[in-house]
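I am opening a notebook on a structure that is new to me, and I mean to write down what I look up as I go.

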Amino acid sequence: MTLLDHFAFPSLSHWQVWPADAFRVVEGVHLGETLAASHPFVGDVYRMCPGTRGIDLPLNAFTAALNTTTPALTEDKSELGPTGTKIRLEACLTLMSPQADMAELAVLRVGDATKGRACLLPLRPMQAARPYTLIHICHDPAPISLENAEIMGLARGCRIALEDGSFRPVEALAPGDRLKTRDTGARALNQIKSTKHPATGRTAPVVISAGTLGNCGDLVVSQNQPVLLEEAFDDPQIALTDSFLRAGTMRDDRFIFLREGGAVEYFELIFETPTVIYAEHVPVVTRTDPQAATWPTDVLTHWQHRADKTAH
């Protein structure tokens with residue numbers, strides 16, 4: 001038995017959406033009206049009604065794309081409807097808080113194209129209690145790949161292996177630094193990008209306690225960061241692609257758990273091609289460009305294979 005036998009890989013992601021009828025104008029032309037009841041108006045200030053509960057939207061992040069023409073289909077029953085419920089993208093809204101935090105919301109129509117329920121999918125982290133001023137409306141948005149919306153990265157303080165075997169905190173790396181990789185020797189880092197998020201819900205970090213995966217210290221990563229479980233290579237029945245898991249799916253709430261509260265800063269290391277590097281002695285997967293969401297082919301093939309088996 002290997003470590004893989006202890007973790008179930010989900011075939012889909014449960015995205016949290018907000019009901020549009022709970023996003024209400026608190027200042028502006030449509031004062032008192034909800035986003036579901038009126039057409040959005042630039043300049044109106046919105047706030048989520050207190051006590052609003054998010055709704056799970058079960059979609060496969062690696063096969064589904066939201067667009068204005070062909071609907072995506074839910075892959076499990078939920079509060080929004082049975083398996084196969086249609087999800088259409090109607091518009092994208094750009095908003096700004098008094099703290100100058102930018103936010104983006106995808107306006108979705110769930111179910112019937114005209115009478116279905118309107119829901120809001122945050123494309124950037126938002127604080128539900130804050131007011132947000134609507135500054136732009138796109139009525140014909142480009143398709144949204146849910147894969148692109150997945151936050152991936154290593155938290156500040158995570159130590160990365162260099163070419164000479166020494167380690168350096170991820171925030172201290174710079175383009176041109178040569179990092180140790182699993183399959184291609186040393187590779188030069190092209191660029192490093194960082195994003196800050198509230199450490200709650202989908203953006204809360206996963207802590208993999210020191211020693212759990214042979215890591216020399218606590219490994220703190222985003223929930224969607226792929227981790228390579230090297231124990232799988234001792235089992236001839238498990239292929240390379242069967243050993244990639246997203247950190248959030250590995251939780252046992254004892255040695256691997258979410259750490260909520262405050263804020264978290266994730267760093268994404270960018271190479272010319274997808275690369276497996278070492279963070280706290282654990283192999284982790286990088287992408288080439290987080291905007292393009294380019295993953296190693298074997299990772300994508302593996303996740304799609306798992307999704308197909310579950311579907312049938």
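**A charge and a ring**

I began with Lys180, whose charged end sits over the ring of Tyr278, 5.1 Å from the ring centre; a charge is taken to sit over a ring if NZ of Lys or CZ of Arg is within 6 Å of the ring centre and within 35 degrees of the ring normal.

**What I am reading**

I note that this is a predicted model, in which local features need pLDDT of at least 70 and side-chain atom pairs count only at pLDDT 80 or more, while totals for chains, interfaces and linings use all residues. Residues are numbered from 1 along each chain as its sequence is written, and side-chain values use heavy atoms, with hydrogens and water left out.

**Confidence**

I looked up pLDDT, the predictor's confidence in each residue from 0 to 100, and found that the protein averages 79, with 78% of the residues scoring at least 70. Over residues 232–242 the pLDDT is below 50, and this stretch has 17 contacts in the model beyond near neighbours in sequence, a contact meaning heavy atoms within 4.5 Å. Residues 306–312 also have pLDDT under 50, and for them the model has six contacts beyond four places in sequence. I remind myself that where pLDDT is low, the predicted coordinates should not be read in detail.

**Aromatic rings**

I searched the whole structure for aromatic pairs and found two; rings of Phe, Tyr and Trp (its six-membered ring) pair if their centres lie within 6.5 Å, and planes under 30 degrees apart count as stacked, over 60 as edge-to-face and the rest as tilted. The pair of Trp18 and Phe23 is tilted, because the planes stand at 40 degrees, with the ring centres 6.5 Å apart. Phe23 and Tyr46 form a stacked pair, with 5.2 Å from centre to centre and 10 degrees between the planes. This pair links distant parts of the chain, since Phe23 lies in strand 2 (residues 23–27) and Tyr46 in strand 3 (residues 45–48), 23 residues apart; strands (E, at least two residues) and helices (H or I, at least four) are DSSP runs, numbered from the N terminus.

Is Tyr46 buried or exposed? I find Tyr46 buried, at 1% relative accessibility, where buried means under 20% relative accessible area, exposed over 50% and partly exposed in between (1.4 Å probe, protein chains only). Trp18 and Phe23 are both buried as well.

**Overall**

I count two helices and 25 strands in the protein, and buried residues make up 48% of its 312 residues.
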